[in-house]
Amino acid sequence: MNNFVFRNPTKLVFGKGQIAKLAELIPAGKKIMVTFGGGSVKANGIYDQVCRALEGKDYIEFWGIEPNPTVETLRKAIATGKEQGVDFLLAIGGGSVLDGTKLIASGMVYDGDAWDIVLKGRAEAAIPYASVMTLPATGSEMNSGAVISRTETKEKFAFYTSFPEFSILDPEATYSLPAHQVACALSDIYVHVMEQYMTTPGQSRAMDRWAEGLLQTVIEIAPRIKENQHDYEVMADFMLTATLALNGFIAMGVSQDWATHMIGHELTALHGITHGASLAIVLPGTLRTLRGQKRGKLLQYGQRVFGITEGGEDERIDKAIACTEEFFRSLGLSTRLPEEGIGEETVEEIRRRFNTAGVAHGEGRNVTGDVAAEILRSCM
């Protein structure tokens with residue numbers, strides 16, 4: 001196991017009715033800006049709960065943070081926040097709203113353009129912020145990362161800032177989510193775990209077993225969510241698994257990959273494909289292309305997650321990758337690029353972008369533009 005330092009200061013407030021605690025969780029005397037997406041929180045009753053909880057507080061609202069939040073929109077929020085003297089942010093929505101709010105929080109104490117922060121990869125400071133999570137997927141409610149898009153250049157990059165002060169997770173908020181959003185969220189959760197797990201075996205028994213348990217949980221609850229999205233216990237597992245998948249708990253002391261995410265971000269930037277949907281296409285391709293360096297972990301994964309114990313090693317690896325792809329298809333997601341109308345031109349553009357930037361992703365730092373193109377061509 002590698003040396004590590006771990007700290008996660010976010011207070012997690014979990015369960016039904018917890019939105020009412022907003023009044024006591026936000027410090028007194030704050031000028032609050034509440035950030036929202038497109039308005040689904042009004043339809044599912046979350047907005048009314050938040051307004052009741054904030055009664056008597058000094059707050060303004062900012063609406064319109066998109067899925068895959070854009071710096072163009074967030075610049076407007078930053079300007080509004082500065083004009084109004086905002087010193088606390090509250091994100092209401094899914095990971096995109098919260099990711100956008102992280103850049104707003106950072107931009108509020110930055111004199112230059114917010115995109116500079118994204119390109120630097122880390123904010124030097126930020127005002128306090130918190131969240132009410134309504135779509136589990138990104139784990140953004142309990143980590144310091146965010147991913148921001150720039151429409152002008154069709155780019156999408158991650159950056160890091162401070163952690164949320166607190167995050168409220170009420171599983172009942174997930175009852176009205178569209179089926180496709182749930183499917184993409186489950187894909188995102190699964191791949192978050194795989195990015196931290198699918199590297200090399202023997203690094204940490206504790207981290208491996210924890211990650212495998214989360215993968216098995218996602219596989220188990222996916223069909224149950226389809227059957228009954230109003231099952232509180234199942235949706236509670238859904239919500240908590242999303243948080244645990246990317247709050248640092250399963251990353252302690254182990255190597256990580258993230259090549260699938262970097263390629264997926266490019267697909268989103270170029271084609272607008274939903275993040276979780278892009279991952280369902282790319283991950284099986286990553287496993288097919290890098291099966292040699294991931295051989296030991298693929299065998300362990302096949303046995304422990306899917307119960308694959310028969311056949312030679314190559315046969316078991318084939319089965320593990322096939323089971324992974326079939327899981328994504330069971331969610332109703334595409335696993336091949338042509339199903340989304342994506343062809344060779346996009347493969348070449350991503351190859352060019354990676355090579356021009358000189359990046360080399362993955363635990364082996366070997367996923368260059370040429371390797372990324374090989375991964376994508378295996379998804380044809």
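**Close-up 1. Helix α11 crosses helix α15.** The axes of α11 (residues 275–289) and α15 (residues 369–377) come within 8 Å and cross at roughly 115 degrees. That makes α11 roughly perpendicular to α15 (65 to 115 degrees; under 35 is roughly parallel, over 145 roughly antiparallel, the rest oblique). Axes are lines fitted to C-alpha atoms, for helices over the stretch in contact, with angles from 0 to 180 degrees between N-to-C directions. Helices are DSSP runs (H or I, at least four residues), numbered from the N terminus. The model is predicted: local features need pLDDT of at least 70, side-chain atom pairs count only at pLDDT 80 or more, and totals for chains, interfaces and linings use all residues. Residues are numbered from 1 along each chain as its sequence is written, and side-chain values use heavy atoms, without hydrogens or water.

**Close-up 2. Residues at the α11–α15 crossing.** α11 passes α15 in a right-handed crossing (near helix turned clockwise from the far one by less than a right angle; anticlockwise is left-handed). V282, G285, T286 and T289 of α11 meet E374, I375 and L376 of α15 (contact: heavy atoms within 4.5 Å). By class, this contact has three nonpolar, three polar and one charged residues. Ala, Val, Leu, Ile, Met, Phe, Trp, Tyr, Cys and Pro count as nonpolar, Asp, Glu, Lys and Arg as charged, and the others, Gly among them, as polar.

**Close-up 3. The buried side of α15.** G369, V371, A372, A373, I375 and L376 of α15 are buried (under 20% relative accessible area; exposed is over 50%, partly exposed in between; 1.4 Å probe, protein chains only). Their cover includes α10 (259–271), α11 and α14 (344–357).

**Close-up 4. α10 packs on α11.** The two axes lie 8 Å apart, at an angle of about 135 degrees. α10 and α11 are therefore oblique to each other. α10 passes α11 in a right-handed crossing. From α10, the contact takes T260, H261, I263, G264, H265, L267 and T268; from α11, H275, S278, L279, V282, L283 and T286. These residues divide into five nonpolar, eight polar and no charged.

**Close-up 5. Aromatic pairs.** The whole structure holds 12 aromatic pairs (ring centres within 6.5 Å, using the six-membered ring of Trp; planes under 30 degrees apart are stacked, over 60 edge-to-face, the rest tilted). F327 and F328 form a tilted pair, 5.6 Å centre to centre, with 50 degrees between the planes. F327 is buried at 6% relative accessible area. F328 is buried at 0%. Elsewhere, ring pairs link F6, W210 and F249 into a cluster.

Terms used
Helices (H or I, at least four residues) and strands (E, at least two) are DSSP runs, numbered from the N terminus.
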